[in-house]
Amino acid sequence: MTLQSQAGQPAALAALLPADPHEGRPVVMDEQAKREVRRGVLAGVCVPGYIVPFGSREMPVARGWGSGGLQVTLAIGGPEDSVKVIDQGDEEGVNAVNLRRLIVGTLGSRATADTADASIVQSRHRVPEEYLGEDQVLVLQVPQSEPLRQVEKSVYECKRRHAEGDYAKMWVALYERLALTGVMGTGTGHPVMVHGRYLMAPSPIPRWDIPRLHRSDHLTILCHGRDKKVYAVPPHTAVDPLTFDDVPFEVEHIEGVACAKCGTAESFMVETRTGEFICSDVQFCLKVRAGLADLDRHDRLVPRHYYPDPARRVRSFVPAVGTRRVPGPAGITAPGEDWSLKVEDLGKVYPGSRGSSEVVAAREVSFDVAPAEALGVIGESGSGKSTVMRCIIGDELGATGAVRIGAVEEGRANLLELSPPARRRLRTHVLSVVHQDPALGLDLGVSAGGNIADALIAAGWRSYHDIRRRAAELLDRVEVPLGRMDDVVGQFSGGMRQRVQIAKALATDPQVLLLDEPTTGLDASVAAGVLDLLRELLAERELAVVVVSHDFSVIDALTDRAVVMRQGRIVEAGLTDQLFADPHHPYTQQLVAAARS
Amino acid sequence: MTDEPTRPILTVRGLSKSFTLHAIDRSVVSLRSVSLTLNRGEHLALAGASGAGKSSLLRCIHRNYLPDAGSVVLHDGDREIDLTTLGDRSMARLRGRDFGYVSQFLKAPPRQGPLRLVTAAALRRGLDAAAAGDAAAESLRALGVEERLWEVDCSVLSGGERQRVNLAAGTVSPPRLLLLDEPVSALDPANRALALAVIEDLRHRDVSVLAIYHDMGIIRRVASRVLLMEDGAITAEGTVDEVLGAGHRALGEVYA
């Protein structure tokens, strides 16, 4: 469509245009866009804390100026509203002043500075000091809507973790902070659990403000415009800061400090250049000075139960480790059966596609393993042994046959028929894996202790001190010096990483342990040490173990029985020493002959 | 030699074994329908030239080799357990507790000292941790393995030391049935006397033994009966004198 001059416009279009373009209010958001935002907000209110994607529009403000908050306010506001806009507690910031002018000018609503008078409070980085009631809405501008982003780069993984309520990584981040600094200090935006279900980034409000979202009378809407995300905390909804059972959450509070202007000692304060402290919420401060503030009401909002208590803080400590060796739990077999793990007729075919033919990675693979028994799976690369391992772990979809574990529904459940989340949950208690590559089993960016904490937290441990003690015990057992407990695993040598991975795998006392080429890729002397350690650990526990390896010496050292795999099938099974001394199948004979050379 | 009615602990019937070597497409016959009975508390010796199949017989009984045909029955009270068809898992468990095998050469896991090795064997036989350590120490002392060697990696021990460690692991808290493959072949006279004392003592502990020896004097001293093997088959059976006296000159020829 070509633009035409004003005079030459068709009559229909001319009728749509206002007679005077300068008359009336500017339209920053059309009704369609507002409806889209409101739909998102409604969804957010229905599922508290859940991050709702919505069709965010471009706003005539710079990035980071709060286009998300602006869209919400414009979408839910009208001429009858009174709007308060603050930036870090201050009405007079450039950001606040300009947004206020834009909002008031667009909605035709009234601007107010008084929190008690506002029907909508749009804020950046603060919840007002004063009480907000049922008929008030708090709109928070959000610079980062995904609370897991700092610990999880993958968007897909973030979503999966929200869906499954799997927030162990966030806890590990808290653990790490505690281990390194002794305090929970996450600065602003401490992650919170909303309604006991969703982890939420409360926008960078100070910790002081977080209790104000908990079971509050007002509705809070949080919106990130650039990220196109909106979420909400409906009135009277539980908002709990993430913290360990034995480490209290703390708000910012310094005993004996009072506002230099209004004299109140119990508000969130900022330090001036001259070293004085003043109220962050300017309007509240003014009201206190004028004697207009409802101090009784404010007093009830003061989060005294979260005031710092140095006596309850975590001291930087490395727990003393005794020689006490706690034996693992007794092995669980299926009732009336011998086995803890049973694989029946396992099959896996990778379908052919253009350029590649169908590959049978596993066919009719059957074996079972009893508690305190180790079964070896030997074969060359490509023999299907890793496929079998992945099918047991649950990393491989579309496998046929059955995998059963005695500790899971008394062995009746076929693990292959469980949903992926259910299978992942098994790995927190029942089934552990030690991978060839420690990077698969460990987070190399996290400390040795933190990696073990990860397994323990996933299994439901919530006591920082218990986690720390258990991690120290395990690391001591696998001969990782306790002085390195808080070092990032990425700085460890290969052998040390493998030891940490083994400790992590044993952390929750699983029933079944899968070792996938546990010493492959390590130097001979290091591999020998890891092998010796594994042998000792297996002897101490009643684990059902499957060892996958191409290396006869590993199988020989760790197992009593073994199966030989070739082209996806088990070609021979027997006692490990018998397989080596008297191999029957031509392929086994070849393998044995090769190992002897 | 026992007065009470003899009860078998192990019955081997028609045991045959051949090896098929696929790489060179050849088959080697090792055992030809071997039958024998080992009575409770008895010490039965196997004799014969090298390559006669003595070690293969022990390994087939212990199932390091899978026999092609025949049966190996372990009598456990009134229960009869056929070791050739027993499941691998049950076999592995049985081996640890009830059924020992001392191979000709020590096969020690790498980087393990004699004490840990023998302690591990005692643990497998059901002793608790404290008792196992004590039993292991006692067993090593009885065989003259010096204490300074107890923590030393087995692979650096001398041949004779290794053989004694092996025997210590086999006889610590001894199982009911023990197979010994030339247990004293590498020992000097003094240590041989110690080892034979330990082996003789097994009889007083109600251990049934099937053992290979290459020394007529030892057979006379420790064994109640002897089986002569030739070319994978048993060709004579009886007391040492019976086997010699019955005109089986082969035994005399072998161990002359």
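**Entry 1: domains of chain B**

Contact here is taken as C-beta atoms, placed from the backbone, lying within 7 Å.

I noted the bounds for chain B as 1-98 + 177-256 for domain 1 and 106-174 for domain 2. Such bounds come from an automatic or database domain assignment. The C-alpha centres of these two domains of chain B are separated by 23 Å.

**Entry 2: conventions**

The model is predicted, with local features needing pLDDT of at least 70 and side-chain atom pairs counting only at pLDDT 80 or more, while totals for chains, interfaces and linings use all residues. Residues are numbered from 1 along each chain as its sequence is written, and chains are lettered from A and ligands numbered from 1 in the order in which they are written. Helices (H or I, at least four residues) and strands (E, at least two) are DSSP runs numbered from the N terminus.

**Entry 3: helix α6 of chain B**

I then followed α6(B), residues 189-204. The helix has 16 residues and reaches 23 Å from its first C-alpha to its last, close to the 22 Å expected at 1.5 Å a residue; the expected span is 1.5 Å times one less than the number of residues.

Which residues of α6(B) are buried? I found B:A195, B:V198, B:I199 and B:L202. They cover an arc of only 95 degrees around the axis, which puts them on the same side of α6(B). The arc is that of the directions from the helix axis to the C-beta atoms. An α-helix has 3.6 residues a turn, so residues three or four places apart point the same way. On the other side of α6(B), B:P189, B:A190, B:A193, B:A197 and B:H204 are exposed. Buried stands for 20 or more other C-beta atoms within 10 Å of the residue's own, exposed for 12 or fewer, and partly exposed for counts in between, with C-beta atoms placed from the backbone.

I listed what the buried residues of α6(B) pack against: α4, α5, β7, β8 and α7 of chain B. After α6(B) comes B:D206, whose phi is positive, near 60 degrees.

**Entry 4: a hairpin in chain B**

Strands β4 (residues 69-76) and β5 (residues 79-82) of chain B pair in the antiparallel sense over four bridges; pairing requires at least two DSSP bridges. I checked B:V73 and found B:D82 in β5(B) as its bridge partner. The two strands form a hairpin with two residues between them, and B:G77 in the turn has a positive phi of about 65 degrees.

Chain A has 18 helices and 21 strands. Of its 597 residues, 48% are buried. In chain A the centres of domain 1 and domain 2, over C-alpha atoms, lie 53 Å apart.

The contact between the chains takes 14 residues from chain B and 18 residues from chain A. On the chain B side, helix α2 (residues 88-97) gives the largest share, four residues.

Notes. Two residues are in contact if their C-beta atoms, placed from the backbone, lie within 7 Å.
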